[in-house]
Amino acid sequence: MNTNNVTVIGLQWGDEGKGKVVDALADQSRYVVRFCGGANAGHTVTVNGERFALHLIPCGILHPSVMNVVGNGVAFDPETAWAEIEALRQRDVEVGPGNLAISATAQVVMPWHKTRDQLNEKQLGEKKIGTTARGIGPCYADKANRSTAIRVGELLDENTLVQKIRLIGAIKNRLFESLFDGEALNLDAVVEQIVQLGRNLAPMIRDTGGMLRRAVATGDRILFEGGQGSMLDIDHGTYPFVTSSSVSACGVPAGAGVPPKAVGHVVGIMKAYTTRVGAGPFPTEQDNETGEYIRQRGKEFGTTTGRPRRCGWLDAAVVRYTAALSGVDELALMLLDVLSGLKELKICTGYTLEGRPVEDFDPAQLGNVECQWETLPGWSEEITDCRRFEDLPAGAQAYVTRVEEVTGCPVGLISVGPGREQSLPHHTQIEGLA
Ligand code: GDP
Ligand code: IMO
Ligand code: MG
């Protein structure tokens, strides 16, 4: 069995810097594969000062020798995907069947899923999840419902597709009109749009599972690119304030169609602090000057929605839990540069609940716990030009070492800026990480 593969997953609430790490590792990979989520993701890659924000297309697209795969576990929005492909082509990035394969068994995000997402949130008012409004939840709900779902492969058979759009669209419209007081979608326009998108995307629609299992057999390296962060996992996150797919390494086999052993070496991506977009518990949140300092220095505004991200201190209890869930082999500690200039840094090392220490991490209790804090000295120097661990100020070195101790995982890479070159190798076990 091939253990040459690498899985990159987020250990917090998303936006940990997965895009940068996938880009770093893509050159040594034959395949880069998305296995969960959809256009709710926003992965940033910065190459020579040029910024690319990718939503549905895997981050390996900037590497000519990589085959990029949108796996069966993805909620695939053909409209966003096509816009993204065209935008990349305009920037002279080649995209076509030679470097992009879209699973025929991935789910199609239809226009009514986006409408439904928005209507749900509007009806919920204060109780809303704070979704990205990309139709993700309603799309996966239809996947589970089966009879009202459309799979990517169905885009290839126009006659059946048109019949299906009209049948399902009529059901959705009746719902919007009667339950939500919302406007019906123009189904003629939906038919025209989706049929055209299907034609555009047809050359890239494939049986990607078969392709990846062959790679597993031959030993070609696959890099699995996680979306979201493990605390947003549908089963293991802060439910109901989560997304609708399995985003930890546990989601790789089902979402890509490969055996569990193909997950390979797991790199857990974490920020040196914590952020979250949307609603839900966040024990270490700093809704104060510290949070604002982090937001400004880290440019903590959503890649997909532009919303300001909620910011706070590092929650090591969260990382310990999510690293254990995915069997993380090493950590990539991102955005350490953002913490420069803070006099003191705090790390949450565990929780108490009603005065008693919490033994087992329970995401359902995160709204009720109190943090157990540890305070470390900060450092004043900017560190964006550091390239070796030894170049870091003593405070930053001590912070990294403490992160390793409290999470129980080695830090393989330390990132001190968005650029490809702004990475320091530390205790990594894989070539090319930094
Ligand atoms: P992803 O969703 O996990 O790929 O992360 P996002 O792209 O949504 O957000 C991470 C942001 O941090 C992006 O704007 C990156 O360019 C940026 N970034 C990544 N690593 C670093 C770093 O070490 N320092 C700083 N200052 N920015 C970084
Ligand atoms: P990347 O891959 C940060 C959050 C949303 C919301 C919740 C549910 O860039 O790390 P959804 O639209 O999925 O139904 O929203 O999940 N969310 C993310 N937050 N980064 C992401 O992706 C996210 N994808 C979803 O903000 O709280
Ligand atoms: Mg993101």
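Reply: D391 forms a salt bridge with R388, with 2.9 Å between their closest N and O atoms. A salt bridge here means a side-chain nitrogen of Lys or Arg within 4 Å of a carboxyl oxygen of Asp or Glu. D391 is partly exposed at 34% relative accessibility. R388 is partly exposed too, at 47%. Buried means under 20% relative accessible area, exposed means over 50%, and partly exposed lies in between (1.4 Å probe, protein chains only). Elsewhere, D15, K271, E300 and R309 form one network through salt bridges that share partners.

A word on the basis. This is a predicted model, in which local features need pLDDT of at least 70 and side-chain atom pairs count only at pLDDT 80 or more, while totals for chains, interfaces and linings use all residues. Residues are numbered from 1 along each chain as its sequence is written, chains are lettered from A and ligands numbered from 1 in the order in which they are written, and side-chain values use heavy atoms, without hydrogens and water.

In general, side chains of opposite charge can pair when their charged atoms come close. By the rule above, the count is 18 salt bridges. One of them joins R91 to E50, at 3.0 Å from N to O. R91 sits in the loop between α2 (78–90) and β7, and E50 in strand β4 (residues 50–54), so this pair ties together parts that are 41 residues apart in sequence. Helices (H or I, at least four residues) and strands (E, at least two) are DSSP runs, numbered from the N terminus. R91 is partly exposed, with a relative accessible area of 35%. E50 is partly exposed as well, at 39%.

K114 and E79 also meet through their side chains in a salt bridge (3.0 Å, N to O). K114 belongs to helix α3 (residues 111–124) and E79 to helix α2, so named by DSSP runs, and the pair links distant parts of the chain, 35 residues apart. K114 is buried, at 16% relative accessible area. E79 is partly exposed, at 38%.

Back to D15, one member of the network. D15 (OD) and G42 (O) coordinate the magnesium ion (ligand 3), at 2.0 to 2.2 Å. D15 lies in the loop between β1 (6–10) and α1 (18–26), G42 in the loop between β2 and β3 (43–47); these distant parts of the chain are 27 residues apart. Donors are N, O and S atoms within 2.8 Å of the metal (3.2 Å for Na, K and Ca); water is not among the atoms, so sites may look incomplete. D15 is partly exposed, with a relative accessible area of 23%. G42 counts as buried, at 9%.

Now the sheet. Its 10 strands run in the order β9-β7-β5-β2-β10-β1-β11-β15-β19-β20, open and with mixed pairing. β9 (205–206) and β20 (423–425) stand at the edges with a single partner strand each, so one side of each has no neighbour in the sheet. Two strands pair if DSSP finds at least two bridges between them. β2 (residues 31–34) and β10 (residues 222–225) run parallel, joined by four bridges. V33 stands opposite F224 in β10. Helix α7 (residues 208–218) packs on the sheet and touches β2, β5 (67–70), β7 (100–103), β9 and β10; its direction makes about 130° with that of β5. Axes are lines fitted to C-alpha atoms, for helices over the stretch in contact, and angles run from 0 to 180 degrees between N-to-C directions.

I222 is a residue of β10. I222 is buried, with a relative accessible area of 0%. Leaving aside neighbours within four places in sequence, I222 contacts N5, V6, Y31, V33, L212, A215 and V216. Contact means heavy atoms within 4.5 Å.

Last, the nonpolar interior. A nonpolar core is a set of buried Ala, Val, Leu, Ile, Met, Phe, Trp, Tyr and Cys residues joined through side-chain atoms within 4.5 Å. The largest core has 118 residues, of which F76, L336, L339 and Y399 touch the most other members. Helix α6 (residues 187–201) gives the most to this core: seven residues. Another core, of 13 residues, lies apart from it, with A317, V318, F361 and L366 among them. Helix α10 (residues 316–326) is mostly covered, with eight of its 11 residues buried. These buried residues of α10 pack against β1, β11 (265–271), β14 (314–315), β15 (330–334), β16 (344–353) and α11 (394–407).
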